[in-house]
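Have a go at each one before you read its solution.

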Amino acid sequence: MADTCWAKEYREAAKALWESLEGCGDHSCLLKRPKGMATNGGCRCFDSLPADERRAMRRVLRFARDGASALDLLDAKDAEIKRLIRLTEEMEDHIMELEVLLDENDIRSW
Ligand SMILES: [Zn+2]
């Protein structure tokens, strides 16, 4: 995993927030799926909210989850880009070594 600073901070904050949640203990809990024993019948976490706010809350949760997934993806791409940059630098070093060898042996006729 790449060490992109803001992504790391976001992930740690999200993890702390996630761990502070308890959810309602239902299998389909929108906040946090229970481990082990659970009830059936649907998430009760937002039952006290009016229907439109409940829908908005679901969108917020989906947005946060998708954001976390996108960050994971960005991190993976970031790590791949860093790897490619490192490989390119290694290749440049090898090319320079080769050029030195060619010059030393005066075989630069091509
Ligand atoms: Zn719930």
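**Exercise 1.** How many helices and strands are there in the chain?

Solution. Helices (H or I, at least four residues) and strands (E, at least two) are DSSP runs, numbered from the N terminus. The chain has two helices and zero strands. Next, take the radius of gyration, which is taken over C-alpha atoms, and the globule rule, 2.2 Å times the number of residues to the power 0.38. The rule gives 13 Å for 110 residues, but the chain has 26 Å, well over that, so it is more spread out than a compact globule. Along its principal axes, the C-alpha trace spans about 85 × 30 × 20 Å.

This is a predicted model: local features need pLDDT of at least 70, side-chain atom pairs count only at pLDDT 80 or more, and totals for chains, interfaces and linings use all residues. Residues are numbered from 1 along each chain as its sequence is written.

**Exercise 2.** Check what span helix H1 (residues 5-20) should have.

Solution. The expected span is 1.5 Å times one less than the number of residues.

**Exercise 3.** Is Leu87 buried or exposed?

Solution. Start with its place: Leu87 lies in helix H2 (residues 51-104). Now apply the cut-offs: a residue is buried if 20 or more other C-beta atoms (placed from the backbone) lie within 10 Å of its own, exposed if 12 or fewer, and partly exposed in between. Leu87 has 10 such neighbours, so it counts as exposed. For the chain, buried residues make up 2% of the 110 residues.
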